[in-house]
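Here are a few notes to read with the structure open beside you. Each point takes up one place in the chain or one feature of the fold.

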Amino acid sequence: FSWLTCYEPEKHLDKLVLDILKKKIISKNDDLCFLSFKDTTLAKRFEKKGFKKINYISPKKDLKIREKNFLTETIQQNFQNGALRVSKFKSKYNFLFARHIFEHVQDLNLFLENAMYTIKENGYLLLEIPDCTRAINNGDPTLYWEEHNFYFTSESFKKFLQKCKYKITYYNIFHDKLENCLVAILQKKKKLSKTIYHKKKNN
């Protein structure tokens, strides 16, 4: 239906942008890419900080989505099926942002492979997902209304990322009254180095 949409917590995005800038893993000459409509408000924040090379993945042109009305499930499906695994996207971006889509994918490892295909060597991938810890601990049955393929807690998300071959340069839990957000930044590197975790709580 055309009237359907979805919203995610955004109060933490200003702090997230500042964290990324403080880590000095991004520069204003970098090519930044934002995977879905859920990344638009984050992209706007980088634009306000003076970043000029802002790229958006086009659902129709790039992901070959033909449906008139679609949401995250269709985006992840076409992305996972390799819509961007073509020469023009190979090692194209310094930073790929993917907010609240990873929990919808069918194959986590394949999603990461397709994402890293588009990222330059030593570039970065940002993943943001909902933290299901509170809902699970409280036995909240409405959790499954979200229709995710994966319901991560901070612990399970971290353990999964540790098994991947990419360096984790940033990990944080952003606290929210309704639902906490887990944010991780992975670096595409040939050699792994020590993982750095940021556990500071944010209100």
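1. A word on terms to begin with: a residue is called buried when its relative accessible area is under 20%, exposed when that figure is over 50%, and partly exposed in between. Please also keep in mind that this is a predicted model. With those cut-offs, Ser-91 counts as partly exposed because its relative accessibility is 33%. Ser-91 sits in the loop between α3 and β3. Its phi is near 50 degrees, a positive value in a residue other than glycine.

2. Which residues does Leu-71 contact, leaving aside neighbours within four places in sequence? They are Leu-4, Thr-5, Cys-6 and Phe-37. Leu-71 and Thr-5 are 66 residues apart along the chain, yet 7.5 Å separates their C-alpha atoms.

3. Now to helix α4, residues 108–117. This helix is largely enclosed by the rest of the structure, because 7 of its 10 residues are buried. Those buried residues are Leu-108, Phe-111, Leu-112, Asn-114, Ala-115, Met-116 and Tyr-117. They pack against the helices α3 (72–80) and α6 (154–163), and against the strands β3 (93–99), β4 (119–130) and β6 (181–187). At the start of α4, a side-chain oxygen of Asp-107 comes to within 3.2 Å of the backbone nitrogen of Asn-109.

4. The largest nonpolar core has 36 residues, and those touching the most other members are Phe-102, Phe-111, Leu-112, Leu-127, Phe-157 and Leu-161. Two or more residues each come from α3, β3, α4, β4, α6, β5 (167–174) and β6. Which element gives the most to this core? It is α4, with 5 residues.

5. Not counting residues up to four places away in sequence, Ile-26 touches Ile-20, Leu-21, Leu-32, Phe-46, Phe-51, Phe-95 and Phe-97. Of these contacts, Phe-95 is 69 residues from Ile-26 in sequence, with 7.9 Å between the two C-alpha atoms.

6. Among the 29 residues that line it, Glu-8, Trp-145, Glu-146, His-148 and Glu-179 are the closest to its centre. The elements giving two or more residues to the lining are α3 and α5 (133–137). How many of the lining residues are nonpolar, polar and charged? The lining has 11 nonpolar, 8 polar and 10 charged residues.

Key: Residues numbered from 1 in each chain as written. Predicted model: local features only at pLDDT ≥ 70, side-chain atom pairs only at ≥ 80, totals over all residues. Heavy atoms only, no water. Buried < 20%, exposed > 50% of the residue type's maximum accessible area, 1.4 Å probe, protein only. Helix = DSSP H or I, 4+ residues; strand = E, 2+ residues; numbered from the N terminus. Contact = heavy atoms within 4.5 Å. Polar contact = N/O pair within 3.5 Å; in protein donor to acceptor, adjacent residues only side chain to side chain. Core = buried A, V, L, I, M, F, W, Y, C linked by side-chain atoms within 4.5 Å. 1 Å grid on protein atoms, 1.4 Å probe; cavity = no way out; pocket = protein on both sides within 12 Å on 5 of 7 lines; lining within 4 Å. Nonpolar A, V, L, I, M, F, W, Y, C, P; charged D, E, K, R; others polar.
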